[in-house]
Amino acid sequence: MVSTLIAQRIALGILLLIAVSILIFAGTQILPGDVAQSILGKSATPIALENLRKELGLNDPAYVRYFHWLSGTLQGDLGTALTSKLDIATSIQERLWNTLFLAFWAAAVAVPLAIILGLLAVRYRNGPIDKLISGFALASTSVPEFFIGYLLVYFFAVKFQIFPGISMVYEGMPFLDKMKAIALPCTTLTLGVLAHMMRMTRAAILNVMQSAYIETAELKGLTAFEIIRKHAFPNAIAPIINVIMLNLAYLVVGVVVIEVIFVYPGMGQYLVDHVAKRDVPVVQAVALIFATVYIFLNVVADVASILANPRLRHPK
């Protein structure tokens with residue numbers, strides 16, 4: 001039963017990825033304007049435009065171009081950038097690593113902190129600590145990420161000059177210098193996802209605390225902390241894992257605004273630069289990578305939830 005459910009989730013993820021690839025390709029094709037005209041400029045001759053359209057395959061039917069693009073993508077060929085004439089896969093490698101580096105450290109801070117704050121809020125529910133944590137979560141959720149980013153730049157980069165306002169990283173950069181460079185964007189991302197994970201952890205554990213076996217544990221004389229640690233938290237782990245994986249997916253694909261604010265050389269900045277240049281192959285490649293990461297992490301979340309559910313692991 002468990003293996004069947006996992007296989008269904010994986011198959012659904014693959015079908016969803018195919019559907020998203022169709023939407024990405026269709027979305028870039030229906031954009032107004034002429035790609036050849038935008039590359040060569042308004043002074044281009046009709047002959048030059050026609051030659052470029054043939055070179056790019058723009059005269060082929062849409063379904064032919066889609067299958068050609070999809071087959072190349074499955075073989076690791078993401079195409080060539082129209083503006084720079086560079087291989088997209090090669091250009092993306094370092095930027096993808098930079099984005100994953102930023103997302104990893106944001107997750108490394110946000111996930112344990114969210115679980116700890118959620119547990120503290122449950123332990124001292126309806127008390128001053130719970131109200132303080134909940135108030136912080138509400139304030140963090142209410143403020144847009146770009147505003148948080150600009151506030152951090154103003155105070156920590158401009159006024160106090162503790163961290164750099166422009167988060168530039170490069171290959172061979174010392175690790176401590178990298179950590180200092182990503183401090184502000186990492187903090188912004190952490191504040192963006194921390195509240196959601198913390199509130200979900202609190203709600204999941206409080207829901208479990210209403211169960212009969214929790215009352216039995218209380219009657220046995222266990223302390224509140226022991227009840228939460230040994231009984232409530234393990235049984236609330238499935239929804240917590242789900243929300244954590246969804247927020248990890250957001251950390252990877254939702255960095256576009258943050259990378260633009262801090263001029264961070266990642267996938268988001270790369271995407272925005274080439275959207276402005278109307279470089280369709282780059283936009284398609286980056287959007288497909290983001291979609292793949294998001295769908296993959298959602299599938300992992302579903303599989304983890306299935307494995308964390310004892311009733312599914314032991315159906316009898």
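This is a predicted model: local features need pLDDT of at least 70, side-chain atom pairs count only at pLDDT 80 or more; totals for chains, interfaces and linings use all residues.
**Helix packing, cores and local features**

H6 itself covers residues 128-142. It has 15 residues and reaches 21 Å from the first C-alpha to the last, close to the 21 Å expected at 1.5 Å a residue. Its buried residues are Asp 130, Ile 133, Ala 137 and Ser 140. Seen down the axis of H6, these residues fall within an arc of 100°, so they line one face of the helix. In an α-helix there are 3.6 residues a turn, so residues three or four places apart point the same way. The other side of H6 carries exposed residues: Pro 128, Lys 131, Leu 132, Leu 138 and Ser 142.

The largest nonpolar core has 67 residues. Within this core, the residues with the most contacts are Ile 88, Ile 92, Ile 205, Met 209 and Val 286. Helix H5 supplies the largest share of the core, 15 residues. Beyond its neighbours within four places in sequence, Ile 92 is in contact with Leu 78, Met 267, Tyr 270, Ala 285, Val 286 and Ile 289. A second core is separate and has 14 residues. Val 2, Leu 5, Trp 69 and Val 303 are among them.

Two further buried residues were examined. Ile 214 is found in helix H10 (residues 212-219). Its relative accessibility is 0%, so Ile 214 counts as buried. Apart from neighbours within four places in sequence, Ile 214 is in contact with Val 208, Met 209, Ile 227, His 231 and Ala 232. Of these contacts, His 231 is 17 residues from Ile 214 in sequence. The C-alpha atoms of Ile 214 and His 231 are 7.1 Å apart in space. Gln 284 lies in helix H15 (residues 280-308). Gln 284 has a relative accessible area of 6% and is therefore buried. Not counting residues up to four places away in sequence, Gln 284 touches Ile 24, Phe 25, Thr 28, Gln 29 and Trp 69. Trp 69 is also one of the residues of the second core.

Aromatic rings come next. The count of aromatic pairs comes to nine. One aromatic cluster is formed by Trp 97, Phe 101, Phe 104, Trp 105 and Phe 175. Elsewhere, Arg 123 lies over the face of Tyr 124. Here the distance from the ring centre is 4.8 Å.

Backbone geometry was examined in two loops. Most residues other than glycine have a negative phi. Lys 85 is not a glycine, yet its phi is positive, at about 65°. Lys 85 has its place in the loop between helix H4 (62-74) and H5. Gln 161 is likewise a residue other than glycine with a positive phi, near 55°. Gln 161 is found in the loop between H7 and helix H8 (175-181). With 63% relative accessibility, Gln 161 counts as exposed, whereas Gln 284 is buried.

How values were computed. Residues are numbered from 1 along each chain as its sequence is written. Side-chain values use heavy atoms; hydrogens and water are left out. Helices (H or I, at least four residues) and strands (E, at least two) are DSSP runs, numbered from the N terminus. The expected span of a helix is 1.5 Å times one less than its number of residues. Buried means under 20% relative accessible area, exposed over 50%, partly exposed in between (1.4 Å probe, protein chains only). The arc is that of the directions from the helix axis to the C-beta atoms. A nonpolar core is a set of buried Ala, Val, Leu, Ile, Met, Phe, Trp, Tyr and Cys residues joined through side-chain atoms within 4.5 Å. Contact means heavy atoms within 4.5 Å. Rings of Phe, Tyr and Trp (its six-membered ring) pair if their centres lie within 6.5 Å; planes under 30 degrees apart count as stacked, over 60 as edge-to-face and the rest as tilted. A charge sits over a ring if NZ of Lys or CZ of Arg is within 6 Å of the ring centre and within 35 degrees of the ring normal.
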